[in-house]
Amino acid sequence: MKAVAIILAVIVIFPNIHLPQSKQFPTIYVSIVSHNEEPLTGQYPDFVKNESAFWEHREAVVKFANMLYEEGVKYNFQSDWNFLLAVNLYDKGTPSTNGKNLIRYLKEDLGFEVDPHAHETTYNYADVAYLIHNLGVTPSNTVGGFIAYPPEDSKIEYFRDLLHGWHFNYTWKAEILWGGSTAGHKNEQTLWASGIWKPKDNENFLVHDDNAPLPHVGGYGRSWKTLEILLQKQQNGELEPDKIYTQTIFVSQNFMLNDEFIEKFREKIRELKPYEEQGLIKWVGLKEVVEIWKNEYGAEPNIYPYVSLEAEIRRPAEGYLYLFGREIFFSGKTIVIGRITVEAIVACDVAIDKVEFYLDNKLMRIDYEKPYEWEWVEHKVGQCKLKIVAKAGALSKEDEIEAIAMK
Ligand SMILES: [Zn+2]
């Protein structure tokens, strides 16, 4: 009965595999990442002051990590400063970790990646890296979470510099970005994109720039639920065969305190076994997947957003002649004589912030509400370019047409 239930669960939860491994279906690289947080968030105890809470969490992390190891799954353990301070203070090794401290056990015995995570309130990334280093493990150069949006708060460019510790005489330099977020994770969906790319600058998280130094490992959301949606798209043939697709399953360290959570997690991994066997998904560490991206995908960027944003100039329609705002006939060229209301059609799964209207790259109007339009009365004669830019959170979409104006 139980076996039947599990089989049913597989059918219900994950889409059926229609074809054996095929070049049409690109691999989805999946990483498991966990965080603990500093005590001021109110979500975690002060592990330095509360040693028993530390041991409880340590044992939970060991259980979770062992389960992943047993299932052949990779893991990025990301920790903020407070928990690591407690490891430094209390953890001299136990039999459950082969006599090693937790961090050495995760890295040396299980082969997992250990990344710093910092909100940089009182300890910065270099400090957290030092706390890992001090435990006998070389910290990775992966940024375990950072603010990527809005632009005024973005730390994309900040991580290009060598960081000096605030508490410790230690330097650390980022090589990989992971977990671009909004402050407080508010309206974060527009930042979710499967793939790896190099974010251009603070203003342009979702724009690739070959000359930018740091690759970002994206994710299609951070849950089993959104992985399921991505797998469905893979099965529908909607993903491009030669591009890299990534996903992160994010786990709060608090969840690991619950044995049932760990067993449910194991079941999810087992449900995905058929996908794994066909090469449709592959479990990877974050540094590992960046190496794969460089070696197997020629570092070709992919930005596959979770939220779709579509924008189109609807009026003037391409190829039509307009006389004082009235569409006369199809002439093959877009010709506008006299005044016209330029209209944009914009569709998005989340709230649209604004639509900008440009004439020859000069901003003419910003419309914040539907219908998105601009009353074009300005004088213009000859060839010109009309462009719209729609924005929804971090997403941006353009459309442009060439027109001949006599106004
Ligand atoms: Zn955090």
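A residue is classed as buried if 20 or more other C-beta atoms, placed from the backbone, lie within 10 Å of its own, as exposed if 12 or fewer do, and as partly exposed in between. The structure is a predicted model, in which local features need pLDDT of at least 70 and side-chain atom pairs count only at pLDDT 80 or more, while totals for chains, interfaces and linings use all residues. Residues are numbered from 1 along each chain as its sequence is written.

E300 has 15 other C-beta atoms within 10 Å and is therefore partly exposed. E300 lies in the loop that joins α9 (286–296) to β14 (304–305); helices (H or I, at least four residues) and strands (E, at least two) are DSSP runs, numbered from the N terminus. Between E300 and A60 there are 240 residues in sequence and 38 Å in space, C-alpha to C-alpha.

Helices α3 (residues 81–90) and α5 (residues 125–133) have axes that come within 9 Å and cross at roughly 25°. Axes are lines fitted to C-alpha atoms, for helices over the stretch in contact, and angles run from 0 to 180 degrees between N-to-C directions. The two helices, α3 and α5, are therefore roughly parallel (angles under 35 degrees count as roughly parallel, over 145 as roughly antiparallel, 65 to 115 as roughly perpendicular and the rest as oblique). In α3, W81, L84, L85 and N88 meet D127, V128, L131 and I132 of α5, contact requiring C-beta atoms, placed from the backbone, within 7 Å.

The domain assignment, automatic or from a database, gives domain 1 (15–305) and domain 2 (309–406). Their centres, taken over C-alpha atoms, are 42 Å apart.

Notes:
Contact = placed C-beta atoms within 7 Å.
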